[in-house]
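Hi everyone, and thanks for having me. Before I start talking, please take a moment to look at the sequence and the model on the screen.

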Amino acid sequence: MKQGILSDILDYSNRANPYPLYAELRKTPVFHDGDGPYVISTYHHIQSLLHDPRLSSEARNLAAGAGDPLAGAEDEGASALPPSFLKLDPPEHDRLRRMTNRPFGPPDSPHRVDDMRGFLHTTVTGLIDNLGDPERIDLVDQFAYPFPVTMICRLLGVPREDEARFHVWADTLAASLDPDPGADPKEREKTTHDARMELGMYLAGLIEERRKNPGEDMLSQLAVGHGQDETMSTMELLSTAALLLIAGHETTVNLITNGMLTLLRNPDVLRQLRETPALAVPLVEELLRFEPPVQLLPQRTPLADIEVGGVTIPKGSSMWLILASGNRDPDRFENPDRFDPYRKDIQHLGLGSGIHSCFGAPLARLEAQLALTELTRRLENPRLVEDPPPYRQNAVLRGPRHLRITCDGVRPS
Amino acid sequence: MLRLVVDLNRCQGYAQCAFLAPDVFAMHGDEGLLYDPQAQDAQRERVAQAVAACPVQAILVDELDMAAAGSGAPAATGEASDG
Amino acid sequence: MADTALDHLKANGRIVVVGASLAGLRGAETLREKGFKGSLTMIGDEPYEPYDRPPLSKQALLGMGTAEGTALPRRRDIDAEWRLGVAASGLDMAARRVKLADGDEVPYDRLLIATGVRARPWPNQAEGELDGVFVLRTRDDGVALARRLDAGPRRVLVIGAGFTGSEIASACRERGVEVTVAERADAPLVGALGGVIGAVAAELHRENGVDLRTGIMVTALEGDSTGRVRAAHFSDGTSLECDVVVVSLGAQRNTDWLAGSGLGAGPRGIACDAGCRAFDIRGIVTDDIFVAGDVARSPHPLFGYQFLSLEHWGNAVSQAETAAHNMLSESTDRRPHIWVPAFWSSQFGVSIKSVGVPSMGTEIMITQGSRAERRFTGVYGYQGRVIGAVTFDNSRWLQFYQQQIEATAPFPPPFPTVDRRPEGQKPLPADFPDPSVPTHGPTVTLSGYSPADRRLTFTPAGH
């Protein structure tokens, strides 16, 4: 049973509900089946490891043949673009993330996200206005995908009309993060490499243009520098832009979709949210605990032999941190499998922790809060058409591919 | 007025509060946090967002102030939660 | 349920809290949370409801908030009788009564002492009373200093480069005010963090335009004919024109009111056991008097059971919670206060944090980052184990080092880390000043093993 648990988690047939598998995994908090990765599934171990300076996020520190089915994925793409800060350690990570943050958040751009509130609202209102036939709504295609994509495009300064082009690349690259045992590795490498290449070329053209005609968007400001002494090389800028674009595409969509799915499965909470919109704030935190859009971090490796929970993990091993499992750890959360937005203690791992914690977190939070509040307010008597819904292949960035719902009508804004 | 305090032993500079309520919380350098310990009432909603979003649950807002507002959000526990 | 003495206390008892600041308030809230329904009296010498002090040397000087506006948020209603603006002046342990400065007496069944510390004043009283000479500890101090900075002084002199002094200097520079800092030691923060880190702090001062003068003492403050300060004289024979002087020479424990009471209280604080119960002067633990916050000194298992005095915000909160819990518990349900020391400071745009007791360290190793970049982690070692750590803008790693301290992990750390630089390959002498020479700024004081504090003689830190 144990031997197969990792492949069970990766197995598409378990995508709709991996949580019983995680519970099984937690019985062996540091799981290792011989030549696979070391899998960490309990809250406190994961939380500690995210702050442990003996752990690297850089693929080059992985021993050859460390048994990581993901090891090759982005590496091969590296010939197209250097690794993004997601896959770098300090000081490079810190330098790039700091520079990326300058046009995004405090201290240099404290009002950037706050100033987007109006546009967020307008966009949500427009998408709900245009849902069409209330009996046939696909919440993913019609709302949860276009909403964050519109936002990331606006933020970065990527023309929304190019969406059809980079959608394919983003999907391909997101899939490359996934340990899909069924896929032909050579084929995957090539597809991933091509997608990175094409996305890189596309962004390079855009950045060139922004250098000449800079606007208020992040790409322009990253391209021209933010009046500081540190600057990014063009290749670093390309990697960073690609990271933001993909992350902006492939994560919040799941948060919003998982949110509506969870609400529709918990009609009492749905009603409470409709009555008290302010509940959306803690509700999204509980959602990040209950159904995190990033289920696991497969990219960590120790720089020395380290001991975790009585198990020695050798230097260079591949380690997976199962965030979604830590979030359901009964040693940390009371009734962990209960969705309870009134929970007093929701210190979840849904956005990671430590230096690699989610860069776009404040925007994701606002998007999800607003999306769930407005959908709940405006959809009359919404119901799931199928439960579980069909899921995307991806086990890491896990979420429904479609969320078909029906309702009695859409209230005017 | 909304009284608040941040347990800066816990704070690790994730800056969620400074993103979400930039007129109450401000980053001072990359990791340092400054905040107005008496936020304006108009900031109540944003402060509630900041409190909930804090990854280390370091922000304590007055229970009584928040209750008076009839906020749907559960009040913060912040510094209280560890012994 | 049996009607025990404890039940009676919880239902009808009288609890008095002396000290209405952070520790007193959090203690009172915890008492109510634990089901105390009796009468609660809060005694505070200042006329204000409990307020937070750290912002007084930061936000309040930078115009983000005001010194009047740092009242602490409440966790709950404590339904207390407030005796504010009147200091406790004495304690009758036998009669279980607190005497107040206005002559009143307040009886108690349980007493929580959280009287904290006060700013050490300028030793020459007449000079200290010159207009323009300040200390910074209370809300009134903060209001007065902020007002004077608003008026645009020509030059501020800060005496003492501990944390508070450095923060004040930082705020001055951020506001474009010229500032000189005079420090008796060789660098700022050396008492708390040692010379290696002190050197970094000194560079921070100078890069930000502070006129930092180290290895020097202020010998006199000089006023003009109207009683306003106009100059300071230094031990090297030089002098400086200045119109504001901030005396930042550390703190004195508020224990004077306990003189002659029989409680184990002295200049180093009030000795208590790990359960926050005060010792009497004979070294016998009391049953009804508890201590919390800056005024307490208690033994800590991680640091050889020496008595530790901690002027730390987090310690005040944690110790008050533990004291309140124990005040309402049978002896077997009591908990020890074993908080690992931790503090923060924010100065010159850098977040400085520390855990453990760096000042016990004899060596330091820069395990991550670089001092030149002002982003690093330093780990302190004592007798082959990790005893403390400090970060400059590197706080997300600190919990790892706290775990190392708690696990008494070996020093120097035998493992590689991310962001290890050439300067972090081997330990350096931590370079703390001789502990027998008092410095200002250490926020942790080890004060030996004697609960009664009788053999200790008080050495004024001077200036």
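Let me begin with a question: in what order do the three strands of the open sheet in chain C stand? The order is 4-5-6, and the pairing is antiparallel. Strands here are DSSP runs of E with at least two residues, helices are runs of H or I with at least four, and both are numbered from the N terminus. Two strands pair if DSSP finds at least two bridges between them. Strand 4 (88–92) and strand 6 (105–107) of chain C each have a single partner strand, so they stand at the edges, with one side of each left without a neighbour in the sheet.

Strand 4 of chain C is joined to strand 5 (residues 97–100) of chain C by four bridges. If you want a pair to find on the screen, C:D92 stands opposite C:R97 in strand 5 of chain C.

A word on the source. This is a predicted model, where local features need pLDDT of at least 70 and side-chain atom pairs count only at pLDDT 80 or more, while totals for chains, interfaces and linings use all residues. Residues are numbered from 1 along each chain as its sequence is written, and chains are lettered from A and ligands numbered from 1 in the order in which they are written.

Now let's zoom out. Chain C is divided into domain 1 (5–118 + 252–333), domain 2 (120–250) and domain 3 (342–435), with bounds from an automatic or database domain assignment. The C-alpha centres of domain 1 and domain 3 of chain C lie 32 Å apart. Their contact takes five residues from domain 1 of chain C and seven residues from domain 3 of chain C; contact means that C-beta atoms, placed from the backbone, lie within 7 Å.

Next, one residue: is C:T30 buried or exposed? C:T30 counts as buried because it has 25 C-beta neighbours inside 10 Å. The cut-offs are 20 or more other C-beta atoms within 10 Å for buried, 12 or fewer for exposed, and partly exposed in between. C:T30 is part of helix 2 (residues 22–33) of chain C. Leaving aside residues up to four places away in sequence, C:T30 touches C:A320, C:E321, C:A324 and C:H325.

Finally, chain A. Helix 5 (residues 92–101) of chain A has buried residues, among them A:H93 and A:L96. Their cover includes helix 11 (218–224) and helix 12 (234–250) of chain A.

Terms used. Two residues are in contact if their C-beta atoms, placed from the backbone, lie within 7 Å.
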